Amino acid sequence: MSFSDLQNERQNRQPQSFVKPTSETSSSPSNSGTSIASASQTVVSADGLYQVLPTLVEIRQTPSSGRGIFAKEKISRGSIIISTKPHVNVLSTKLLDAFCSACCAPAPPTGLKRCTRCRALWYCNAACQNSDWTMHKHECSALQKWAKSAPNEDVAIPSDAIRAMGRMLTRKKVEGLDSIWAKEVDGMQSHRSSMPTSAFESHTQLSHFLVKYLGVSSPYELAQYGIAAVADLVDVISRFVTNTVTLTAPDLTPIGIAISPPIALINHSCDPNTVIVFPHAADVPSKDEPLMQAVAIKDISPGEEVTASYIDTTLHRLGRLQMLKESYNFDCQCSLCSDTTGLDPRESMWCPKSCGGMCPVPTEENPLARCVKCKAAVSSTDAVLDALRVGQEALDKAASVQFADIDKAKQLTSNMNPILTSAGLTPSCHPLLAMTRLHQSLLIATLPHPPTQDHLDETIRTATKAITGLSSVLTEGHPIRGIALAELGKLLIVDEPEPLDLSSPSAVEENKKRYPPSGPPRLKLAYDTLVRARNELLIGFGSASDGGQVGRDVRECLVRVEAEVGTWKEGVKEALADSSRLKKVG
Ligand SMILES: C[S@@+](CC[C@H](N)C(=O)[O-])C[C@H]1O[C@@H](n2cnc3c(N)ncnc32)[C@H](O)[C@@H]1O
């Protein structure tokens, strides 16, 4: 595998949220977490709505989280629970020329075809353009008008939020305000009545842009979209903010936003049993893409609630609580957030006496941290607190400049990683894990052509450290783990620029102590890593989707590595045969 393949995969991948956190705030009654159904939960009658929900689940009213989806039968991990095309999906504005606006596939080598009228949307081919035309014909002229009135090129295309809401309202009008489609959209949770004042400003601004984009100028015109009063407009915005999911490429790179009312029925947990993915299954025709799937990553018992995470669950507890409150306005009481007694790997450091145990990281509120195994006290509290604070600042800075100034970002992550590590943080501790993952993506993006052994090996070590961290905080089969393992496996099969000469026994011994090893042991490690990746991808992207596009790529890689290992074994056999022949001749 060449290193450029890896660089093409350079992601703007977030540590991960499936439902898009937005700056707009929404509010909801405070509520409890998820899990086992209680007697007070009643089955919600859906009156012909949500036809895509399979019979193995049902909608129930929960005492504190509103409606939710519950298993009626046992659901095994790796099963696809819901599979549907979103009601609405739009690409991020900056990626409009990189992905097809209909099927959301990346631009083929021959390039995408641009809509010649609005010049804003791009498609794979005429078939994709035609399949999108029923919707695009309405937005095409809106996009043209918007561009004409834009003060400059940078804002010539409205944001993904405005375009998505525009499509949602237009489709409602086209389908009919009493249609099932419209009822499902209108049935999504709105927090209008309990919206905090802080949300009003952003919601008002969005409403203003939305009305301008739709080009409506009278109450009569607005009513055709089902908006009879200002309150209805606020509902549209609130529903959008509360229920939108990040549209991702099959490798989890965020590429836009999507809305699916049945999938939006899934409530949140920071330790979810389900993930929302867009796996790009092989047998799905492009007209059915982007296919959105809710996949079980844990076995789910009958009566148990199906939950997904709305935010990055590698974050520490306070960070998660704050994000959920700000973006979805509820106080998370899931098992992970409620249990403050156990040791959370997201907030852990090694024992100061190196007994092999771990301690919770000290905080301003709880400065006295002790190893859970040998009870040794952390004496360097101030230094650890400083490292955590400076680490978070450096992470925010590096993340914000990673595309505009990659060298600066890399300098920040290179400097901070050793500081956080020597402060004693474990690889799963926030912000070290996030910093390691960012450092890995920057190392991949800056791999020289051809790669140097040092740069390649550092990237492999960083990817390994990231997997160690991720494996402590995410359940086996979580797609982020599967993707991280696939990435490491691919790094390990990049041709070594300067492999060790393993012809002497001492070099072979030396190689055993090295990480990553060189030569055949490296290939063996690549093979084992790719097997692990494939197994986890089959869970996270669903076994019926064959682990999604990445799962299929990994399978192909495995076939190549197997052939290479086979050739190598043949080579060894031949060499042995040669030497015994030579001995006989001698
Ligand atoms: C995408 S909707 C989920 C479906 C929603 N319960 C309904 O009835 O339509 C997101 C909203 O559900 C509620 N919610 C989701 N997960 C929750 C949880 N773990 N605890 C409390 N409320 C939750 C919050 O009000 C949140 O803004």
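This is a predicted model: local features need pLDDT of at least 70, side-chain atom pairs count only at pLDDT 80 or more; totals for chains, interfaces and linings use all residues.
**Entry 1: strands S1 and S2**

I began with S1 and strand S2 (residues 57–62), which are joined by two bridges and run antiparallel. Helices (H or I, at least four residues) and strands (E, at least two) are DSSP runs, numbered from the N terminus. I count two strands as paired if DSSP finds at least two bridges between them.

Residues are numbered from 1 along each chain as its sequence is written.

I then checked the loop between S1 and S2, where aspartate 47 lies. Aspartate 47 is not a glycine, yet it has a positive phi of about 45°. Most residues other than glycine have a negative phi, and most peptide bonds are trans.

**Entry 2: the five-stranded sheet**

Next I asked in what order the five strands of the open sheet stand. The order is S1-S2-S3-S13-S10, and the pairing is mixed. Strand S1 (42–43) and strand S10 (267–268) stand at the edges with a single partner strand each, so one side of each has no neighbour in the sheet.

**Entry 3: the three-stranded sheet**

I looked up another open sheet, made of three strands in the order S4-S12-S11 with antiparallel pairing. Its edges are strand S4 (80–84) and S11; each has a single partner strand, so one side of each is left without a neighbour in the sheet. Neighbouring strands of this sheet are turned by 10° against each other on average, direction ignored. For such angles, axes are lines fitted to C-alpha atoms, for helices over the stretch in contact, and angles run from 0 to 180 degrees between N-to-C directions.

S4 and S12 run antiparallel and are joined by four bridges. There I found isoleucine 82 opposite alanine 294 in S12.

I followed the loop between strand S11 (274–277) and strand S12 (292–296), which holds proline 290. The bond joining glutamate 289 and proline 290 is a cis peptide bond, with omega about 5°.

**Entry 4: a hairpin**

Strand S8 (residues 245–248) and strand S9 (residues 254–259) pair in the antiparallel sense over four bridges. Valine 245 stands opposite alanine 258 in S9. I asked how many residues lie between S8 and S9 in their hairpin. There are five, and leucine 252 in the turn has a positive phi of about 75°.

**Entry 5: H10 against H12**

I turned to helix H10 (residues 381–401) and helix H12 (residues 432–445). They pack at an angle of about 30°, with their axes 10 Å apart. H10 and H12 are therefore roughly parallel to each other. Angles under 35 degrees count as roughly parallel, over 145 as roughly antiparallel, 65 to 115 as roughly perpendicular and the rest as oblique.

I listed the contact: Gly391, Leu395, Ala398 and Ala399 of H10 meet Leu432, Ala434, Met435 and Leu438 of H12. Residues are in contact if their C-beta atoms, placed from the backbone, lie within 7 Å. The contact residues divide into seven nonpolar, one polar and no charged. Ala, Val, Leu, Ile, Met, Phe, Trp, Tyr, Cys and Pro count as nonpolar, Asp, Glu, Lys and Arg as charged, and the others, Gly among them, as polar.

**Entry 6: H12 against H13**

The axes of H12 and helix H13 (residues 453–473) come within 9 Å and cross at roughly 150°. H12 and H13 are therefore roughly antiparallel to each other. Among the contact residues I noted Leu433, Arg437 and Leu443 of H12, and Glu458, Ala463 and Lys465 of H13. The residues of this contact divide into five nonpolar, seven polar and three charged.

Proline 450 lies in the loop between H12 and H13. I checked the peptide bond from histidine 449 to proline 450: it is cis, with omega near -10°.

**Entry 7: the record**

UniProt, in an unreviewed entry, lists residues 55–311 for "domain: SET". That span is 33% helix and 19% strand, and its end C-alpha atoms lie 28 Å apart. UniProt positions are given in the numbering used here, feature names are shortened, and annotations may be inferred rather than shown by experiment.

Notes. Two residues are in contact if their C-beta atoms, placed from the backbone, lie within 7 Å.
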